[in-house]
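Subject: Handing over a structure

Dear colleague,

My notes on what was found follow after it.

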Amino acid sequence: MSPTVLVVEDYADLRSAIAATLMRGGEYACHTVRSAEAAVDLLRDHHYDTILLAPRLPISSDPVMHFLASTQPAELPKVVLMTDDDSDEPPPATRVLSKPFNHEELLAEVAR
């Protein structure tokens, strides 16, 4: 079974490009959503190996982090914040993928 990735990004073009890159070659199974609320809805029923999360969605990515901490503390997925602002302080146990990133950087971070 392929590793699973949830992409939480409000920009449709970027969300689609990330999913296409990850699913190329069948290496990853990928779901995409445009809001933190939609991500939490999926996380209620699915476990993901990696979550790629834009920290400043239309409102905030905090609901996703709070949901994960409260419901899956023993088996937290890898969370990667996709940001273009170096001043963002990542929460503990998260990584940062700086925008703009290329296909190779994206694949390397998800595989890490």
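Which side chain meets that of Glu109 in a salt bridge? The partner is Arg95, with N and O 3.2 Å apart, a salt bridge being a side-chain nitrogen of Lys or Arg within 4 Å of a carboxyl oxygen of Asp or Glu. This pair links distant parts of the chain, since Glu109 belongs to helix 4 and Arg95 to strand 5, 14 residues apart.

Before going on, please note that this is a predicted model, in which local features need pLDDT of at least 70 and side-chain atom pairs count only at pLDDT 80 or more, while totals for chains, interfaces and linings use all residues. Residues are numbered from 1 along each chain as its sequence is written, and side-chain values use heavy atoms, with hydrogens and water left out.

As for the overall layout, the protein chain holds 4 helices and 5 strands, taken as DSSP runs (H or I of at least four residues for helices, E of at least two for strands) and numbered from the N terminus. Along the sequence they follow the pattern β-α-β-α-β-α-β-β-α. Of the 112 residues, 42% are buried, where buried means under 20% relative accessible area, exposed over 50% and partly exposed in between (1.4 Å probe, protein chains only). Taking contact to mean heavy atoms within 4.5 Å, 64% of the contacts between residues at least 6 apart in sequence join residues at least 24 apart.

To return to the charged pairs, the count comes to 4 salt bridges. One of them joins Lys99 and Glu9, whose closest N and O atoms are 3.1 Å apart. Because Lys99 lies in the loop between strand 5 (94-98) and helix 4 (103-111), and Glu9 in the loop between strand 1 (4-8) and helix 1 (12-23), this pair ties together parts that are 90 residues apart in sequence. Glu9 counts as buried at 0% relative accessibility, whereas Lys99, at 23%, counts as partly exposed.

Glu109 also meets Arg112 in a salt bridge, at 3.3 Å from N to O.

With kind regards
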